[in-house]
Amino acid sequence: MNIPLTILLALLCNLITIANNEISETLEDGKLSELSGDYTSAINHYKKAIQLDDNNYYAHLFLGNVYHIQNKYVKSLTQYNAAILIDKNRAAAYFYRGNLQIDLGSSFGAISDYNTAIKKDPNIMQYYMCRGFAYANMGDFYNAINDYSIAIQLDPKNARSYYSMGKVNGMVSDLMLACEKIIEIKNTGSIRAESVYMNFFLI
């Protein structure tokens, strides 16, 4: 008996939908496990998602993140690289690989990855924050301050951006007091604090 092509296509679409739903549910279960601190369960879920679809970007990305949390750097790097090979146009895997490179002691490599992430998605505050940290770690305070200023413009309510800005200027060490401390120093007549205040607080 010959089955009409339209029926075969409909069956194929149904199978694809079922498979995609299973992958989505598996990834969601993995995220719930990860958020609860059950990393073994999270890894198992992400591996299952990869078995269902080895080209699933998020399965590799999420698995890489869990391995990073566990300090399994080689395994983490492998998963980030896999995600990038699947989709080179997405920023997230470059960003997380940059974070991994910071932990591996390669600020230069991290900056390269952050540059790529920012080029692909220039509106994410965290990308500039982390690149600013990498620059500061290399002693490049000019570029660090520039990145922190962009982070503040993207998210003016984020206290850590102000803290990082103040810290790289050598004026604060307490995150919770960052904004108030720079204003206090400014009021004493500090030219440097006045400059930071005018450029990065009045936005």
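Student: Which residues does Gln-79 touch, not counting residues up to four places away in sequence?

Tutor: In this predicted model, Gln-79 touches Ile-50, His-60, Leu-63, Gly-64 and Tyr-67. Gln-79 itself has its place in helix 4, residues 73-86.

Student: Why does Gln-79 count as buried?

Tutor: Buried means under 20% relative accessible area. Gln-79 has 13% relative accessibility, so Gln-79 counts as buried.

Student: What makes helix 2 roughly antiparallel to helix 3?

Tutor: The axes of helix 2 (residues 39-52) and helix 3 (residues 57-69) cross at roughly 155° and come within 9 Å. Angles over 145 degrees count as roughly antiparallel, and therefore helix 2 is roughly antiparallel to helix 3. The crossing in which helix 2 passes helix 3 is left-handed.

Student: Which residues of helix 2 and helix 3 meet?

Tutor: From helix 2 there are Tyr-39, Ala-42, Ile-43, Tyr-46, Lys-47, Ala-49 and Ile-50; they meet Ala-59, His-60, Phe-62, Leu-63, Val-66, Tyr-67 and Ile-69 of helix 3. Sorted by class, this contact of helix 2 with helix 3 has twelve nonpolar residues, one polar and one charged.

Student: Is Ser-107 buried or exposed, and how do you know?

Tutor: The cut-off for buried is under 20% relative accessible area. Ser-107 is at 9% relative accessibility, so Ser-107 counts as buried. Ser-107 is found in helix 6, residues 107-120.

Student: Which residues does Ser-107 touch, not counting residues up to four places away in sequence?

Tutor: Ser-107 touches Ile-102, Ala-134, Asn-137 and Met-138. From C-alpha to C-alpha, Ser-107 and Ala-136 are 9.4 Å apart in space, while in sequence they are 29 residues apart.

Conventions:
Residues numbered from 1 in each chain as written. Predicted model: local features only at pLDDT ≥ 70, side-chain atom pairs only at ≥ 80, totals over all residues. Heavy atoms only, no water. Axes fitted to C-alpha atoms, helices over the stretch in contact; angles between N-to-C directions. Helix = DSSP H or I, 4+ residues; strand = E, 2+ residues; numbered from the N terminus. Parallel < 35°, antiparallel > 145°, perpendicular 65-115°, else oblique. Left-handed = near helix turned anticlockwise from the far one by under 90°. Contact = heavy atoms within 4.5 Å. Nonpolar A, V, L, I, M, F, W, Y, C, P; charged D, E, K, R; others polar. Buried < 20%, exposed > 50% of the residue type's maximum accessible area, 1.4 Å probe, protein only.
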